[in-house]
Amino acid sequence: MCYFCENNYMQFVNLHTHFYTNSDSILEIVNQYPNEFSEEIPLYSIGIHPWHINEERLNDDLKIIKEKLSLNECIALGECGLDKRIDKIYSAQTDVFESQLDLLHEISKPVILHCVASFDEVISCKKNSGLTSPFIIHGFSKNVQVARQLLNQDFYLSFGKYLLRNPELGEVFQQIPNEKIFLETDTIAESLEEVYTFAAKCKNISIEEMKEIVWKNYQTVFK
């Protein structure tokens, strides 16, 4: 169950959001950055996004991430990962990503991933890390072949913006095993319930059934 739920009931789970709404009906994992940290967020992930790598404060950022990972309120590392479509040096991205994964050898927690045109590399980093932590690709938007490649390596896939925007992705989502699914809003204006409604329609099930699927996955991954 959620660390902060007083009532024993099933909530909507928002795997990744940048906006804290403080809704009683939603368990939201709010993305935080080490250099822009808010103590007011009760449940969060923390990591160095590849867009925001700053070599001058890298050691300080890693130190803050390590400290926060030891807290119950911090339930995941991330978002972190690799992105081939930005001007950050790719080898530097890889070094920073691997440095963050190294922190999980001391305390095992799930990883929420930003991955753009780097699925082979992220899979390789996961294997090389030797970690048994769950790895979750947030904002998945690719075809069923990429999905299967990731599922075969025991990744979870989180859907949100692109599921609402791209009709073809609904067909991909339909084929993803229920036990590997998460849903999110990230930075979109649409509500989490809209995401769940569309996801349920893709699977031809009720919103309550979709809610239960994601809730069970949350309990499994974030023990």
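Predicted model: local features only at pLDDT ≥ 70, side-chain atom pairs only at ≥ 80, totals over all residues.
Helix H3 spans residues 119-129, and its buried residues are Phe119, Val122, Ile123, Cys125, Lys126 and Ser129. Because these residues cover an arc of only 160 degrees around the axis, they lie on the same side of H3. In general, an α-helix has 3.6 residues a turn, so residues three or four places apart point the same way. On the other side of H3, by contrast, Asp120, Lys127 and Asn128 are exposed.

| Element packed against by the buried residues of H3 | Residues |
|---|---|
| strand E4 | 74-83 |
| helix H2 | 90-102 |
| strand E5 | 111-116 |
| strand E6 | 135-137 |
| helix H4 | 144-151 |

After H3 comes Gly130, a residue whose phi is positive, near 70 degrees.

The second topic is the largest pocket, which holds about 400 Å³ of space. It is lined by 21 residues, of which His114, Val116, His138, Tyr162 and Asp186 are the closest to its centre. By residue class, the lining of the largest pocket is made up of nine nonpolar, seven polar and five charged residues.

Key. Residues numbered from 1 in each chain as written. Heavy atoms only, no water. Buried < 20%, exposed > 50% of the residue type's maximum accessible area, 1.4 Å probe, protein only. Helix = DSSP H or I, 4+ residues; strand = E, 2+ residues; numbered from the N terminus. Arc of directions from axis to C-beta. Contact = heavy atoms within 4.5 Å. 1 Å grid on protein atoms, 1.4 Å probe; cavity = no way out; pocket = protein on both sides within 12 Å on 5 of 7 lines; lining within 4 Å. Points joined across faces, edges and corners; volume = space filled by probe spheres on them. Nonpolar A, V, L, I, M, F, W, Y, C, P; charged D, E, K, R; others polar.
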